[in-house]
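Here is a short report for a reader new to this structure. Please look over the sequence and the model before reading on.

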Amino acid sequence: MGRAFADPERSDPGEPVSNESKTVAVLGAGTMGSGIATVLARAGHRTILFDIDEVNLTRGIATVTSFFDNSVKKGKLTETQAAAAKGALEGTTDLTALAPCEVVVEAILEDLALKKETFGRLDGIVSESTLFHTNTSTLSVTGIASSSRIPGRVVGTHYCNPAPLMKLVEVADGRHTAAWAHKATIDFLSSLGKTTVVTKDRPGFIVNRFLIPWENSCIQALEAGVATKEAIDEAIPGALGHPMGPFRLLDIVGLDIHQQVATRLYEQLRDPRFFPPPMVARMVAAGDLGRKTGRGFYDYDDTRLFGS
Ligand SMILES: NC(=O)c1ccc[n+]([C@@H]2O[C@H](COP(=O)([O-])OP(=O)(O)OC[C@H]3O[C@@H](n4cnc5c(N)ncnc54)[C@H](O)[C@@H]3O)[C@@H](O)[C@H]2O)c1
């Protein structure tokens, strides 16, 4: 396989990205990792999904497979296209299996030390021209990149959830992100059919600055008894043109993730609109995290992390 991206040691801005199929890795087979793996496999890239937890890896792969099966039922993919997409996906719990990857998309837990450690270890496994993408929601891209020998290769790529259905990806350079890596990232995301917006490496980027306070206000409205969750979920898409209501979305996001993201943004921005309402802590304590546990605001009888 030819070298897809520019050599980070070179001073020129980089070679054009080839459109050929690449070998790519996704770290973390949870909600976002399985969604991003769906996008990459559907685009024809050999996609290696990595997780430290066998159970989560198996569930992530089942989510991707069932997404492709449903796409066939809905007439969005042919049987042949779905078989090719499924064939492009592999799973592993062995980080060294990622050696041939040209792009690595990190979607593991929102923990700075863990993300740094993972990128630091990957430095010794993949080639110097491999791009490192982080899907962090609240952490500093610069901070995550600081563990890499080549911080210039690290770029923030914040996908919207559910990743296979939402076109937007926010792109945030860290302080030392190289021009070649930024360009290669935009080209790569565009080749996946994504729309990119460039944002600064700031807490919450663009989308979560608006989304988190809005989701909190929907939860507060529910707690205050303004209407049922079903009524709110029907009113919002109808009136505001959102693809789904807030409680259906929060069940896909995961109440634990919402709590973590909202709390971290509150800690950094000191704006009370970000602080998660008490109902979130009660749901997390009860284990009602949304689709991933089969119960959140609604009940689910399958284990898929998102629908098609
Ligand atoms: N949920 C969302 O709506 C959303 C949206 C955009 C970005 N994000 C961000 O994406 C990332 C992942 O979020 P998620 O919702 O998919 O979380 P999740 O809890 O659904 O999944 C995380 C996965 O990472 C795995 N993991 C933990 N440590 C690991 C390691 N060292 N190596 C490999 N895998 C490891 C876990 O086993 C789990 O399967 C976070 O940084 C989060 O902030 C989440």
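## A strand covered on both sides

Strand E6 is covered on both of its faces. Val-154, Gly-156 and His-158 are buried on one side, and Val-155, Thr-157 and Tyr-159 are buried on the other. Six of the six residues of E6 are buried, so the rest of the structure largely encloses this strand. The model is a predicted one.

E6 has strand E5 (residues 131-134) as a parallel partner, over three bridges. His-133 has Val-155 of E6 as its bridge partner. E6 also pairs with E7, here in the antiparallel sense and over five bridges. Gly-156 has Ala-172 of E7 as its bridge partner.

## The sheet around it

In general, the strands of a sheet pair through backbone hydrogen bonds, in either the parallel or the antiparallel sense.

Strand E2 (residues 46-50) pairs with E3 in the parallel sense, over four bridges. Ile-48 has Glu-90 of E3 as its bridge partner.

Strand E7 (residues 168-173) and strand E8 (residues 195-199) form a parallel pair over five bridges. Leu-168 stands opposite Thr-195 in E8. E7, helix H6 (residues 179-191) and E8 together make a β-α-β unit, and this unit is right-handed.

## Helix H1

Helix H1 covers residues 31-42, 12 residues in total. From its first C-alpha to its last, H1 reaches 17 Å. That is close to the 16 Å expected at 1.5 Å a residue. After H1 comes Gly-44, with a positive phi near 95 degrees.

Is H1 mostly covered or mostly open? It is mostly covered, with 11 of its 12 residues buried. Among them are Met-32, Ile-36, Val-39 and Leu-40.

Gly-33 and Val-226 are 193 residues apart in sequence. In space, 35 Å separates the two, C-alpha to C-alpha.

## Two helix pairs

H1 packs with helix H2 (residues 54-73): their axes come within 9 Å and cross at roughly 50 degrees. That angle makes H1 oblique to H2. The crossing of H1 and H2 is right-handed.

The second pair is H10 and H11. Their axes are 9 Å apart, and the two helices pack at an angle of about 135 degrees. H10 and H11 are therefore oblique to each other. The crossing of H10 and H11 is left-handed.

Most peptide bonds are trans, and most residues other than glycine have a negative phi. Some places in this model depart from that pattern.

Which peptide bond is cis, with omega near -5 degrees? The bond from Asn-161 to Pro-162 is. Pro-162 sits in the loop between strand E6 (154-159) and E7.

Phe-205 is not a glycine, yet its phi is positive, about 45 degrees. This residue lies in the loop between E8 and helix H7 (207-223). Is Phe-205 buried or exposed? Phe-205 is buried, because its relative accessible area is 6% and the cut-off for buried is under 20%.

Arg-270 is a residue other than glycine with a positive phi, near 55 degrees. The loop that holds Arg-270 runs between helix H10 (255-269) and helix H11 (278-285). Arg-270 counts as exposed, because its relative accessibility is 57% and exposed means over 50%.

Methods:
Residues are numbered from 1 along each chain as its sequence is written. This is a predicted model: local features need pLDDT of at least 70, side-chain atom pairs count only at pLDDT 80 or more; totals for chains, interfaces and linings use all residues. Side-chain values use heavy atoms; hydrogens and water are left out. The expected span of a helix is 1.5 Å times one less than its number of residues. Buried means under 20% relative accessible area, exposed over 50%, partly exposed in between (1.4 Å probe, protein chains only). Two strands pair if DSSP finds at least two bridges between them. A crossover is right-handed if, with the strands pointing away from the viewer, the path from the first strand over the helix to the second runs clockwise. Axes are lines fitted to C-alpha atoms, for helices over the stretch in contact, and angles run from 0 to 180 degrees between N-to-C directions. Angles under 35 degrees count as roughly parallel, over 145 as roughly antiparallel, 65 to 115 as roughly perpendicular and the rest as oblique. A crossing is left-handed if the near helix is turned anticlockwise from the far one by less than a right angle, and right-handed if clockwise.
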